[in-house]
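Please read the points below with the structure open beside you. They take up a few side chains, one after another.

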Amino acid sequence: SLHLVTHLGSCNRGLGFIIGLAIGAMALTCLFAALAWRRWYSKRLKKHFEQSLTIANEEEILLQETRKLTYEWEIPRENLAINRQLGEGAFGAVFGGELLNDCDSGPCPAVAVKTMLKDSTAARKREFLAE
């Protein structure tokens, strides 16, 4: 009877050791999985941030190019007389008017004045100027 109890005690200790190892292995697996996920997520965030910077840089370059084009083609507002709204274009309202500084040789030339929404992107402004 004493021998049976001693044998059961050693089985319980062996079983406890095996369960402890299994729990430890599961804990390590969870830890490694969490670290791997964190590394993957950090890379993903870094990639997204770099793409955002690239887009922001491209927008800034387009904006600078747009400003250059705007200054080359822009007519001072004091040289225009805007008469009425003709309608809506793809970018904003279109107005009819006259170019005032070119009236010496006859009637002032009729012009169409296209407008653009203030919150337009640099790419959209470039499209506007290309039209």
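1. A residue is called buried under 20% relative accessible area, exposed over 50%, and partly exposed in between. By that rule Arg-124, with a relative accessible area of 32%, is partly exposed. Please keep in mind throughout that this is a predicted model.

2. What does the side chain of Arg-124 meet in a salt bridge? The partner is the side chain of Glu-127, at 3.1 Å from N to O. Glu-127 has a relative accessible area of 43%, so this residue is partly exposed too. A search of the whole structure finds one salt bridge.

3. Where do the two partners sit? Glu-127 and Arg-124 both belong to helix α2, which covers residues 122-130. Because they are three residues apart in that helix, about one helical turn separates them.

4. Asn-79 is found in a loop, between α1 (2-73) and β1 (80-88). Is Asn-79 buried or exposed? Its relative accessibility is 17%, so Asn-79 counts as buried. Once neighbours within four places in sequence are left aside, Asn-79 is in contact with Glu-98, Leu-99, Leu-100 and Asn-101.

5. The surface also carries a nonpolar patch, formed by Leu-28, Leu-31, Phe-32 and Leu-35. Together these residues have about 410 Å² of accessible area. One of them, Leu-35, lies in helix α1. Leu-35 has a relative accessible area of 47%, so Leu-35 is partly exposed.

Key:
Residues numbered from 1 in each chain as written. Predicted model: local features only at pLDDT ≥ 70, side-chain atom pairs only at ≥ 80, totals over all residues. Heavy atoms only, no water. Salt bridge = Lys/Arg side-chain N within 4 Å of Asp/Glu carboxyl O. Helix = DSSP H or I, 4+ residues; strand = E, 2+ residues; numbered from the N terminus. Buried < 20%, exposed > 50% of the residue type's maximum accessible area, 1.4 Å probe, protein only. Contact = heavy atoms within 4.5 Å. Patch = residues over 30% accessible without salt bridge, like charges linked within 9 Å, V, L, I, M, F, W, Y side chains within 5 Å. Areas by Shrake-Rupley, 256 points an atom, 1.4 Å probe, with all protein chains shown as cover.
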